[in-house]
Amino acid sequence: MDMSTEHLTLDEDPAETAEWQDAFRALLQVHGPARARFVLQNLECLAREMRTGWQPNLNTPYINSIPVEAQPAFPGDLAIEERIGSLMRWNALAMVVRANQAYGELGGHIASYASAADLFELGFNHFFHARDGAHRGDLVFFQAHSAPGVYARAFLEGRLGEQDLQHYRQEIDLADGARGLCSYPHPYLLPDFWQFPTGSMGIGPISSIYHARFMRYLTHRNLLDCEGRKVWGVFGDGEMDEPESMSALTLAAREKLDNLVWVVNCNLQRLDGPVRGNGRIIDELEKLFAGAGWNVIKLVWGSDWDGLFARDVNGALTRAFANTVDGQMQTFAAKDGRYNRDHFFGQNEALIRLAQGMTDEQIDRLKRGGHDLVKIHAAYAAAAAHRGQPTVILAHTKKGYGMGTAGQGKMTTHSQKKLDESELLAFRNRFNLPLTDEQATTLAFYKPAEDSAEMRYLKERRAALGGAMPRRETLCDTVPIPELAGYAQFAIGAAGKEMSTTMAFVRMLGNLMKDKALGPRIVPIVADEARTFGMANLFKQVGIYSSVGQRYAPEDIGSVLSYREATNGQILEEGISEAGAIASWTAAATSYSVHGLAMLPFYIYYSMFGFQRVGDAIWAAADQRARGFLLGATSGRTTLGGEGLQHQDGTSHLVAATIPNCKAYDPAFAGEMAVIVDAGMREILVEQRDVFYYITLMNENYAQPDLPADAHSDVLRGCYRFGTYGLADAKQKVTLMGSGAILTEVIKAAQILANEGVASEVFSVTSWSELARDGQGCSATGDLPFIARQLGASQGPVIAATDYVRAVPESIRAYVPEGRPYRTLGTDGFGRSDTRAALRSFFGVDAKTIAAMARECS
């Protein structure tokens, strides 16, 4: 039994209970809601002080949060909006079914949009602002499986043609100037259309939260006024099971992000079954969001139920709903009016009386709240007006709404991609579509005449809200970059000074942040251990962002490097949440398109907790055409000696190489790193290319050499000649290659070999993946790969060593000059704890092993 009603059966003194209830009603009537809330809050405090063991139930009855009398007047033409919605449903359905009649393997989804169509359309017609001269635009995250419905709207708006709709999920062999329409929202594939990728479950929800927070960050730092803008997210109830969906709820509440509205489409079905078959997902989510500090609006029942609730003076409906679980509710959705009369309204006499006078068809047409435009508008209006909290609207819908026996509420409906002729005609009739039998059965797309009431209304509503959506824009001003020598001379002219590349990067970052033009655009991000990375000196220099400033005296207030929070702080310190930090980085890295303001984020983290831990989020950032820097600190499998297996990174460069618009570098020296960062900033902010950089940094101190000016271009291409060891006329010669932390071991090996009479040339490899990509490109054009040209002047076998798995240096094997033996050394296997020297010996990437391999091959 539901907790909210359980106490009613345990009442030992109903008369006394009635007196308390009457007293509260009188208080509310005479003094109003504010006084009533005050008294309740005081009673709650008293109950806790008296240790009664009572705490308020976070669940409310299974009815709408907004009562009928509190609903605002509907501002639009209800009949026209319903007709437009029906056309969207049809064209979306036709698009998917046509694709699968032609190519059964393409897939696609009908039922998701069928359930969410009204949630989308109400937003399009009344709430989703596009960017125009007066409004910077709202951000809208669309439920991925509903993409066909968004394409259907773009078709009516004239943004997509019939040829485009005919190429749904077909993006390669196009004809007649058609655009291929990608399966889900993918900005990389439709760069002028989709703003945010949401296809990977959970990534959209967490991303929306950090975008909303980043808008506050921009406002508080006086970079861009984002007041009056909203972030809307339409997500599925099954998606709420993803840990990323839930992980940042408290941040949204703590930051009081009232610019954030989530609409959770509670159609009660995951991909293959009820979300909470033996429970209720809406109740569970209400507890979760309310407990996290969100404003919760339940949108459960449509207007057809209002009369039933008004006549139900004894609460029979509320009690019946309290004891109906999702699995049963799904069955009610799949069955007809007769079944619902017998099995729901037939539960007791009170319910039977309520249903008297209703036909089976009327019972079948009773709408859930997420299908009623009037109720949806009331919920959206309340959410948009709410202050001080983020809002979630829990919208009750039917999966496959309107699909009848073809799929409404059925277990298999998510995968429904084909309908037979009778099912198509039934769908047409259900939504009163102006289609002949032939048009319906041949899946003809339908677009009303341009001067029709529907088309005029649709365009007028979007014009009033700034134009068509979704729409991705990329116009932004370039940002000048200072000269390299001005901020990184200490790195390119290090003159043998010992430092780690991590410390060099932080020093360089501090210098860059002092630049008047570039400095304010830099967004330093750290998930945890900023002091470990040497960033404490930035605390006082630029401050840590906090929406409320600093309300305490920090423990280290007397220190030169004391902790400082401020509303205009520049550093985003996200706590121990790599998922949150990468979402924050993505918000900053896509600001150029989302806000028209180019920002430059640098996210520094333990490299093992990047591509391995949040690789899916990084891939989504790539889809969104992110521009910025990821810094994998304490990188490699042997540099973070004592930390052991899960902290030692041997694979991040392997994964980074798979992302087409990620440029990955493993520099060994500060000068190399400086040249790479400088080039990346110019590519991102001046040339405005859709790339991001992954650069690994080490925490090991060693002598840093000068970097010759003539080596800069080769550093960027992936490899340059570092030095020659041994006599020029030596009989035995080898070529040694190394990157990152292991280059110093390669140099030591070269010195060992030189003492033995073996000459060697040492090449510093700054990017294995850039070398491999160049080689792949040359394979297509017939040109000589860059690495082949670099090695062409050297002699002997080639030995390559890295602090990563051997697959990383193996990626260039095909491009090594023919006839030259090529041996690779890496750190395959699990990491473990010990000293750097012991680990390098264990994995066989130390100087001794490298020299032994060279001898063996010579």
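Hi everyone. Let me begin with the residue classes: Ala, Val, Leu, Ile, Met, Phe, Trp, Tyr, Cys and Pro count as nonpolar, Asp, Glu, Lys and Arg as charged, and the others, Gly among them, as polar. Keep those in mind as we go.

What you see above is a predicted model. The average pLDDT of the protein is 92, and 97% of the residues score at least 70. Please be careful with residues 1-8, though, where the pLDDT is below 50. Beyond near neighbours in sequence, that stretch has eight contacts in the model.

Now, the cavities. How many of 30 Å³ or more turn up in a search of the whole structure? There are seven.

Helix α13, residues 326-334, and helix α16, residues 360-364, each supply at least two lining residues, and α13 gives the most, with three. Using our classes, this lining has ten nonpolar, one polar and four charged residues.

The second largest cavity has a volume of about 100 Å³. Among its 14 lining residues, A130, R131, D138, Q195 and R471 lie nearest the centre. Here the lining divides into five nonpolar, three polar and six charged residues.

The axes of α4, residues 111-126, and α20, residues 453-464, come within 7 Å and cross at roughly 65 degrees. On the α4 side, G123, F124, N125 and H126 make the contact, and on the α20 side Y457, R461 and R462 do. By class, that gives two nonpolar, three polar and two charged residues.

Key. Residues numbered from 1 in each chain as written. Predicted model: local features only at pLDDT ≥ 70, side-chain atom pairs only at ≥ 80, totals over all residues. Heavy atoms only, no water. Axes fitted to C-alpha atoms, helices over the stretch in contact; angles between N-to-C directions. Helix = DSSP H or I, 4+ residues; strand = E, 2+ residues; numbered from the N terminus. Contact = heavy atoms within 4.5 Å. pLDDT = per-residue confidence, 0-100. 1 Å grid on protein atoms, 1.4 Å probe; cavity = no way out; pocket = protein on both sides within 12 Å on 5 of 7 lines; lining within 4 Å. Points joined across faces, edges and corners; volume = space filled by probe spheres on them.
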